[in-house]
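Please keep the sequence and the model in view while reading.

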Amino acid sequence: MMAYILRRVLYAGPILLGVNVLTFALFFLVNSPDDMAYMHLGERHVTPTAVESWKEERGYHLPLFWNGEAAAAAGFTETIFYHKSLGLFAFDFGRSDSGRDIGYDIGQRMGPSLAIAVPVLLVGLAVNITFALVLVFFRATYLDTWGVVLCVALMSVSSLFYIIGGQFLMGKLLRLVPISGYAGGLDGLKFLVLPVVVGVVSGIGAGTRWYRTLFLEELGRDYVRTARAKGLPESVVLGRHVLHNALIPILTGVVVLLPLLFMGSLIIESFFGIPGLGSYTIDAILAQDFAIVRAMVFLGSVLYIVGLVLTDISYTLVDPRVRLG
């Protein structure tokens with residue numbers, strides 16, 4: 001297993017390098033360093049000298065990938081890509097284009113993001129799997145049919161509707177929780193209830209349908225027929241055998257959510273005024289702060305790769321027949 005983990009870590013280097021190249025290329029295709037300077041300095045009353053000074057202070061006066069005026073290896077090292085990328089591989093995120101310490105900001109905003117994302121992931125997983133098992137248990141009945149219709153209806157509604165509807169119903173009409181805001185410690189719980197409820201409810205439709213399809217596929221397998229032939233009740237077949245054998249695809253689906261678990265929900269954090277990493281990223285995009293954008297994209301990629309490795313390892317725990325080659 002150690003050889004497998006080491007090989008996956010070595011594979012991660014080229015993947016992260018490729019992600020970085022694409023991030024730099026796409027960002028600077030849309031925004032030029034002059035655009036970024038004008039955005040940060042203010043478009044009015046900005047002199048060309050001030051723009052050039054801003055670019056030079058932050059290293060944006062250099063070429064993007066290749067410096068044709070430099071000799072030999074300096075052609076690669078005297079570029080924006082080299083200066084801005086090298087530190088990321090040592091998790092040195094540097095400073096934002098506005099001068100803030102990005103590593104400090106990530107540390108401060110990690111807590112609020114996880115306070116929302118972890119309950120949404122765990123509660124949502126439990127609710128979706130439970131609903132899916134109930135629909136499969138009552139498959140081919142009116143309950144199953146109307147359950148699927150309800151799931152499709154829930155999937156068809158925009159997430160913005162859940163946010164605005166939840167704020168109106170629970171915050172303004174019933175006055176159960178604050179509409180938006182955030183506080184540290186136990187005082188922050190009242191601000192987290194509504195975002196968590198919205199996050200769970202908005203994911204029920206898609207999640208339940210996916211797990212229902214997964215469980216129905218398992219029902220057609222030989223081990224299910226064997227379990228039924230032994231006279232086991234349907235609830236035992238579903239809860240003990242089908243659910244256990246579906247753990248691998250369930251784990252795979254959870255891995256996809258790991259970067260989101262760290263960065264929080266972008267829209268939810270922005271609407272509810274949660275000072276997490278999601279709102280941090282959106283604010284950076286709006287302000288064209290490339291230093292923060294590249295740091296968050298890199299961090300998301302690292303988390304995704306780590307999640308894949310952890311999932312592969314967990315396969316061996318769920319199913320002893322799995323061998324990591």
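The side chains of Arg139 and Glu234 meet in a salt bridge, with 3.0 Å from N to O; the term denotes a side-chain nitrogen of Lys or Arg within 4 Å of a carboxyl oxygen of Asp or Glu. This pair links distant parts of the chain, 95 residues apart: Arg139 lies in the loop between α6 (102-137) and α7 (142-156), and Glu234 in helix α11 (residues 234-245). Helices are DSSP runs of H or I with at least four residues, numbered from the N terminus. Arg139 is partly exposed, with a relative accessible area of 27%; buried means under 20%, exposed over 50%, and partly exposed in between, with a 1.4 Å probe and protein chains only.

The model is predicted: local features need pLDDT of at least 70 and side-chain atom pairs count only at pLDDT 80 or more, while totals for chains, interfaces and linings use all residues. Residues are numbered from 1 along each chain as its sequence is written, and side-chain values use heavy atoms, leaving out hydrogens and water.

Glu234 also forms a salt bridge with Arg228, the closest N and O atoms being 2.9 Å apart. Arg228 is partly exposed, at a relative accessible area of 32%.

A search of the whole structure finds nine salt bridges. One of them joins Asp34 to Lys55, whose closest N and O atoms are 2.8 Å apart. Because Asp34 lies in helix α2 (residues 33-41) and Lys55 in helix α3 (residues 48-58), the pair ties together parts that are 21 residues apart in sequence. Asp34 is partly exposed, with a relative accessible area of 31%, whereas Lys55 is buried, at 10%.

How values were computed
Helices (H or I, at least four residues) and strands (E, at least two) are DSSP runs, numbered from the N terminus.
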